[in-house]
Protein chains: 2
Amino acid sequence: MSDQFKPRKKYPYFAEETSVDVVNARMGGDINPRLREVMTAVVKHLHAAVKEIEPTHEEWLAAIKFLTAVGHKCTDWRQEFILLSDVLGVSMLVDSINHRRPSGATENTILGPFYVPEAPRYPPGQNICLDGKGEPMVVRGHVLDTNGAPIAGALVDVWQTNDDGFYDVQQKGVQPDWNLRGVFTTDEKGEYWFRSSKPRYYPIPDDGPVGQLLGDLGRHPNRAAHIHFIVSAEGYDPVITHIFTPDCEYLDQDAVFGVKDSLIAAFDKRTDQAEAGRLGFQAPYWSVDWDFVLANKKQVS
Amino acid sequence: MSDQFKPRKKYPYFAEETSVDVVNARMGGDINPRLREVMTAVVKHLHAAVKEIEPTHEEWLAAIKFLTAVGHKCTDWRQEFILLSDVLGVSMLVDSINHRRPSGATENTILGPFYVPEAPRYPPGQNICLDGKGEPMVVRGHVLDTNGAPIAGALVDVWQTNDDGFYDVQQKGVQPDWNLRGVFTTDEKGEYWFRSSKPRYYPIPDDGPVGQLLGDLGRHPNRAAHIHFIVSAEGYDPVITHIFTPDCEYLDQDAVFGVKDSLIAAFDKRTDQAEAGRLGFQAPYWSVDWDFVLANKKQVS
């Protein structure tokens, strides 16, 4: 360095060894403390990754181009960065961290991008399958507290794909509006029931850079067959969850890691035509008994 | 889980504790081994960051929205993800990892987004400042090998902003084409020289989400005043570097961490009008002596 001029040096220059401290030292003194905490950790782990990977300039540029392509794929109705978070297990990790429930309460799993609020409120037993496709299914159960006491007036908000593997909102004008969605209310015994069709596996949208990445990683884009639920009641911690069919070939390899042991239900195949007829079905049909257990808000706060 | 059906389970289900292994176990057996190595490290460090930060769902969504905004800001002529990499010190880290040179060779620093190949080839002494703005400057020196021997026929490719803080390509039609860019060739004594104007600090583009982040972090967007160089010669490892002025107020806080001690030059202010006149300048002018040292390709392979 020139002797002619010795600049004041409040901040250190960059060096490979001290890179994390050099970058984090630049943050101002008067910023949001949570932002400081988050960005300190982001820089630390980001630099640790770069130091382990030792990317070439070309590999770094490939990462820049990948992230740019993910961004360019995002629109008002397509969120490719959420897909990326999903397939890298980050969405499930964030969900797990935020839903460490007391033992016995129904476990959470990811919300997914296809939830629509304000679905129709239905009376008990309503068939939400409006396109008549797929194998008929009846789901019956209770909403309970962690002591096993019934919760009356709980809301059971349910949604799933049709038998072609698409949500209604992915096929506007093709499927009936609100196909395979509805909100049910538990009775004084905490009971709910509804009719629908057995869920099937389906691929997450894989025509973008995340689908390309999955392919390059030797992974498929399929989600294990499931039904989505949000179950809520006054004074209780709401549960965002799925139930999974036990016979799906993708159960152990859900593309977004949503499966938990405790969320796999028994799907009983019933062949009695008289029973089926009382439900308005042709035999065979599927019968599922499933209880949800909600933690009191005081138990999770 | 249902007793009725025990699915084969090749892959484990997701759990917070084992999240990294669960995600990485999904990669296929027959994929690009470097991609496997990179993504294994990405998932490991990404999950470590999430576990340390413990983001709420809202914070996770804020991160998704930030990355989406960065992607949407990218165009053919604006690369916001490179800016993000720059301000988080990642670009300098990648540059450092890829340019661990033998002691004595000129150090690298980042290329930046404003390099344009195929700039005009000029004879020694050419003034590359075509808009006449700023304080006149002459730069003189040698290109040497690590033994101090001159390298004849080396190319010295130089570019810088004008005195308003913009590169020519940022002000097409405002600045003359190829303003403050040129390629010089060393003579048989390894010497080069050119005339220009003293560089000044300038902000990186800060009207996007990265500029917003810098503001939220209490950081400014300014780069310390510098001149860019790519110096290359047959058989030698090319150097992508800057020289910095020692008197810039942002020297110790370059927004992209490009400054290294060894790249700060002496800028001598000369007031002799006779000397200035021989260079075609009005006094005062700035005189910079600067040698570049290239490592033999065998020294860095």
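Modeller: In chain A of this predicted model, W178(A) is found in the loop between β2, residues 155-159, and β3, residues 181-185. The backbone of W178(A) has a phi near 65 degrees, which is a positive value in a residue other than glycine. Most residues other than glycine have a negative phi. W178(A) has a relative accessibility of 30% and therefore counts as partly exposed, since that class lies between the buried limit of under 20% and the exposed limit of over 50%.

The second chain has a counterpart. W178(B) lies in the loop between β2 (155-159) and β3 (181-185) of chain B. Its phi is also positive, near 65 degrees, in a residue other than glycine. At 30% relative accessibility, W178(B) counts as partly exposed.

The relation between the two chains comes next. Chain A can be laid on chain B with an RMSD of 0.1 Å, by a turn of 180 degrees and a shift of 0.0 Å along the axis. That is the relation of a two-fold axis. Within chain A, the C-alpha nearest this axis belongs to G71(A), at 1.9 Å from it. Of the interface residues of chain A, 100% are also interface residues in chain B, so the copies meet through the same surface.

A second backbone feature concerns a peptide bond. Most peptide bonds are trans. The bond from A283(A) to P284(A), however, is cis, with omega near -5 degrees. P284(A) has its place in the loop between α7 (273-278) and β10 (285-289) of chain A. In chain B, a cis peptide bond joins A283(B) and P284(B), and omega is about -5 degrees. The place of P284(B) is in the loop between α7 (273-278) and β10 (285-289) of chain B.

Of the 301 residues in chain A, 52% are buried. Among the contacts in chain A with a separation of 6 or more, 69% are between residues 24 or more positions apart. The accessible surface of chain A comes to about 13300 Å², and carbon and sulfur atoms account for 52% of that surface. Chain A carries 31 positive and 42 negative side chains, and the centres of the two sets lie 6 Å apart.

The meeting of the chains can be followed through particular residues and helices. H47(A) sits in helix α2, residues 33-53, of chain A. With a relative accessibility of 0%, H47(A) counts as buried. Leaving aside residues up to four places away in sequence, H47(A) touches S19(A), V20(A) and V23(A), together with L88(B), G89(B), V90(B) and L93(B).

T241(A) is found in strand β8, residues 239-244, of chain A. T241(A) is buried, with a relative accessible area of 1%. F229(A) is twelve residues from T241(A) along the chain, and their C-alpha atoms are separated by 5.3 Å. The residues touched by T241(A), apart from those up to four places away in sequence, include T106(A), E107(A), I227(A), F229(A), L263(A) and F292(A).

H142(B) has its place in strand β1, residues 136-145, of chain B. H142(B) is partly exposed, with a relative accessible area of 25%. Not counting residues up to four places away in sequence, H142(B) touches several residues, among them K189(B), Y192(B), W290(B) and F292(B).

Notes: Residues numbered from 1 in each chain as written. Chains lettered and ligands numbered in written order. Predicted model: local features only at pLDDT ≥ 70, side-chain atom pairs only at ≥ 80, totals over all residues. Heavy atoms only, no water. Least-squares fit on C-alpha atoms with pLDDT ≥ 70 in both. Contact = heavy atoms within 4.5 Å. Buried < 20%, exposed > 50% of the residue type's maximum accessible area, 1.4 Å probe, protein only. Areas by Shrake-Rupley, 256 points an atom, 1.4 Å probe, with all protein chains shown as cover. Lys, Arg positive; Asp, Glu negative; His and termini not counted. Charge placed at Lys NZ, Arg CZ, Asp CG, Glu CD. Helix = DSSP H or I, 4+ residues; strand = E, 2+ residues; numbered from the N terminus.
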